[in-house]
Amino acid sequence: MNNDKADMATRPAAHPPAEREKPSSLTMLKGLRILEHVATQSEPLAVGDVASALDLDKSTVSRLLAALRTAGYVRQAPDRRYQLTSKLLFLTRNFRPAEHLRDIARAAAQQLHEALQETVHVASISSGEIVFVDFLESPHAVRIQLPTVPSPLHVTAIGRAALSRMSTDDRLRALHESAVAAGLPLADVDTAELRESLTIASQRGYATYNSGDEVIRVAAAITNETGEPVGGISVSGPAYRIRDEVGAIGQMLVTVASGVQG
């Protein structure tokens with residue numbers, strides 16, 4: 001009995017669970033990379049195409065694609081090329097974009113609110129409008145009272161910040177939707193003033209907007225994993241109080257918003 005105990009004491013300890021699971025974790029990550037790559041392509045892909053694009057071993061890619069096919073996430077055409085199925089949509093059935101954005105941006109909104117003591121809004125983009133999902137009111141005696149109803153993109157700082165981060169085609173589509181939401185012709189929305197505003201916002205990383213009500217709004221876009229804007233965060237206040245601080249507020253917004261990934 002004593003010898004058995006001695007033998008057990010001298011045996012090397014078993015690898016902890018994290019170490020034992022490491023190879024399978026790496027395999028899972030490779031599989032997800034492959035799935036994401038296939039999902040971004042408009043045409044079916046051969047095994048070699050995927051292996052070359054991701055710098056992975058061809059046999060590994062073939063094995064993982066076969067597993068993804070068995071799971072129903074990709075299908076294989078008669079020419080043996082792979083393409084995405086609709087099963088990924090099933091995984092998003094309980095995803096609520098507005099609630100998700102509110103939750104992930106809450107810490108950023110609180111940080112801005114505590115530092116600046118001004119009104120902070122968080123909003124998501126939906127069909128040419130911004131939809132407010134969070135609001136922190138300024139503690140100042142003189143503070144602004146802005147409506148938190150859906151508003152067309154082109155007449156909001158958050159909307160303009162988002163538009164400034166879009167590709168040319170996406171921006172045109174978004175402006176068309178914004179015009180529809182406002183009940184206006186596209187020509188009345190896609191103006192020289194707006195284009196100049198978006199050019200400046202693109203260069204600075206933040207947008208400003210003043211509708212003539214002596215309130216200045218400064219906003220930065222919140223983007224998703226692929227860099228597409230999904231919403232934004234803004235700071236608003238009386239013009240007399242924040243006019244000279246717009247640059248500093250804008251830079252703070254850019255920094256804070258970059259840490260939020262929608």
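Visitor: Which residue lies over the face of Y73?

Guide: A charge counts as sitting over a ring if NZ of Lys or CZ of Arg is within 6 Å of the ring centre and within 35 degrees of the ring normal. Here, K87 lies over the face of Y73, at 4.8 Å from the ring centre. This is a predicted model, in which local features need pLDDT of at least 70, side-chain atom pairs count only at pLDDT 80 or more, and totals for chains, interfaces and linings use all residues. Residues are numbered from 1 along each chain as its sequence is written, and side-chain values use heavy atoms, with hydrogens and water left out.

Visitor: Is helix 8 largely enclosed or open, and why?

Guide: Helices are DSSP runs of H or I with at least four residues, numbered from the N terminus, while strands are runs of E with at least two. A residue is buried under 20% relative accessible area, exposed over 50%, and partly exposed in between (1.4 Å probe, protein chains only). In helix 8 (residues 157-164), 8 of the 8 residues are buried, so the helix is largely enclosed by the rest of the structure. Among them are I158, R160 and L163.

Visitor: What is the relative accessibility of L32?

Guide: L32, a residue of helix 3 (residues 22-40), has 40% relative accessibility and therefore counts as partly exposed.
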